[in-house]
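User: I'm new to reading structures, and I'd like a close look at the inside of this one. Could you walk me through its core?

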Amino acid sequence: TLDHDLALIKLDRPSAKGTPIALYGGASEAFPLPVGSTLFVSGWGFTNQGIQPNELLWAPLPTADCKSAFSGSTSIRPGMICAGMPHGQIDTCSGDSGGPAVYRGSQAKPQPEKLYAVTSWGPSGACTAKGTFGVYSAVQPHLDWIKGSLPQ
């Protein structure tokens, strides 16, 4: 299965690029987020025109109910999150795997951004198709493993 589909990379020195963000999943943070919560996804993967971009693309996507989206499928596991536009057109795709899905709270209650999940998989050949959703590996179920792998 694609359960637990995330990885850590250990650098030999701290990165001078970018700004680290916190991991989602503290004791006071709801998991999973309510359906319709917005995740900001980004990646270098193929667009719905089959073009791999020269610049990083990003999009806000609402979370969806994985059980409904993949009715009858045994591929969906408890640590998987679904997100995408019900009408299609905007989604992660091939080449985006491992990229971030960041939660920033809601418009009514913004929060500092946190890594909620990483891009995992989607229906084969159906990126951006109406009624399909991308699947993401949630960070929260893996917090102990992640924190145990970090340098002290």
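**A look at the core**

The protein has two helices and seven strands. Keep in mind that this is a predicted model. Reading from the N terminus, the elements go β-β-β-α-β-β-β-β-α.

Now for the inside. The largest nonpolar core is made of 15 residues, and Leu 39, Tyr 116 and Tyr 136 have the most contacts inside it.

Leaving out residues up to four places away in sequence, Tyr 116 touches Leu 39, and its other partners include Tyr 24, Phe 31, Ile 81, Val 102, Tyr 103 and Ala 138. There's also a second, separate core of nine residues, with Ala 64, Met 80, Cys 82 and Trp 121 among them.

How does that fit the whole chain? Of the 152 residues, 38% count as buried. Among contacts with a separation of 6 or more, 61% join residues 24 or more positions apart. The radius of gyration is 15 Å, which agrees with the value near 15 Å for a compact globule of 152 residues.

For contrast, look at Pro 151, in the segment after helix 2 (143-149). Pro 151 counts as exposed because its relative accessibility is 71%, and the cut-off for exposed is over 50%.

Definitions and conventions
Residues numbered from 1 in each chain as written. Predicted model: local features only at pLDDT ≥ 70, side-chain atom pairs only at ≥ 80, totals over all residues. Heavy atoms only, no water. Helix = DSSP H or I, 4+ residues; strand = E, 2+ residues; numbered from the N terminus. Buried < 20%, exposed > 50% of the residue type's maximum accessible area, 1.4 Å probe, protein only. Core = buried A, V, L, I, M, F, W, Y, C linked by side-chain atoms within 4.5 Å. Contact = heavy atoms within 4.5 Å. Rg over C-alpha atoms; globule rule 2.2 N^0.38 Å.
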